[in-house]
Amino acid sequence: MAVKRLMTYLYWLYYQYKLITCSELMVPCEKLFFYTVIVPMLAAIVYTVYIFITMQISLAFRFFLLVFGNHG
């Protein structure tokens with residue numbers, strides 16, 4: 001029962017996404033072009049955020065290690 005409700009909810013979210021992006025009204029060649037542009041752009045954003053957050057956490061860890069570390 002829970003799986004069926006989850007699948008229904010996911011389908012509803014997907015349908016909302018299609019309505020918001022108006023991809024429900026696109027012909028197949030327009031959808032191909034749209035997703036060819038959108039998917040790499042989202043992948044680049046996610047990759048950049050991942051690298052940036054990792055770098056910031058590393059720098060913060062080094063800073064706090066320097067400030068609160070054992071000074072001998």
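Trainee: What makes Phe-63, Phe-64 and Phe-68 a cluster?

Mentor: These three residues, Phe-63, Phe-64 and Phe-68, are linked into a cluster by ring pairs, where rings of Phe, Tyr and Trp (its six-membered ring) pair if their centres lie within 6.5 Å. Keep in mind that this is a predicted model, in which local features need pLDDT of at least 70 and side-chain atom pairs count only at pLDDT 80 or more, while totals for chains, interfaces and linings use all residues. Residues are numbered from 1 along each chain as its sequence is written, and side-chain values use heavy atoms, with hydrogens and water left out.

Trainee: How many aromatic pairs are there by this rule, and why is the pair of Tyr-9 and Trp-12 called stacked?

Mentor: The count comes to six aromatic pairs. In the pair of Tyr-9 and Trp-12, the ring centres are 6.0 Å apart and the planes make an angle of 25 degrees; planes under 30 degrees apart count as stacked, over 60 as edge-to-face and the rest as tilted, so this pair is stacked. Tyr-9 and Trp-12 are three residues apart in helix α1, and therefore about one helical turn separates them.

Trainee: How do you know whether Tyr-35 is buried or exposed, or something in between?

Mentor: The relative accessible area of Tyr-35 is 26%, and with a 1.4 Å probe and protein chains only, buried means under 20%, exposed over 50% and partly exposed in between, so Tyr-35 is partly exposed. Tyr-17 is also partly exposed, at 32%, and, leaving aside its neighbours within four places in sequence, Tyr-17 is in contact (heavy atoms within 4.5 Å) with Phe-34 and Tyr-35.

Trainee: Where is Tyr-17 found, and how do you know that the span of α1 is close to what is expected?

Mentor: Tyr-17 is found in helix α1. Helices (H or I, at least four residues) are DSSP runs numbered from the N terminus, and α1 covers residues 2–20, which is 19 residues. The expected span is 1.5 Å times one less than the number of residues, and α1 reaches 27 Å from its first C-alpha to its last, close to the 27 Å expected.

Trainee: Why is the meeting of Glu-24 and Lys-18 called a salt bridge?

Mentor: The definition asks for a side-chain nitrogen of Lys or Arg within 4 Å of a carboxyl oxygen of Asp or Glu, and the side chains of Glu-24 and Lys-18 meet at 3.1 Å, N to O, so the name applies. A search of the whole structure finds one salt bridge. Side chains of opposite charge can pair when their charged atoms come close.

Trainee: Which term describes the accessibility of Lys-18, and which that of Glu-24?

Mentor: Lys-18 has a relative accessible area of 16%, so Lys-18 is buried, whereas Glu-24, at 34%, is partly exposed.

Trainee: What makes the phi of Cys-22 worth a remark?

Mentor: Most residues other than glycine have a negative phi. The phi of Cys-22 is near 60 degrees, a positive value in a residue other than glycine. Cys-22 lies in the loop between α1 and α2 (28–68), and its relative accessibility of 42% is why Cys-22 counts as partly exposed.

Notes: Helix = DSSP H or I, 4+ residues; strand = E, 2+ residues; numbered from the N terminus.
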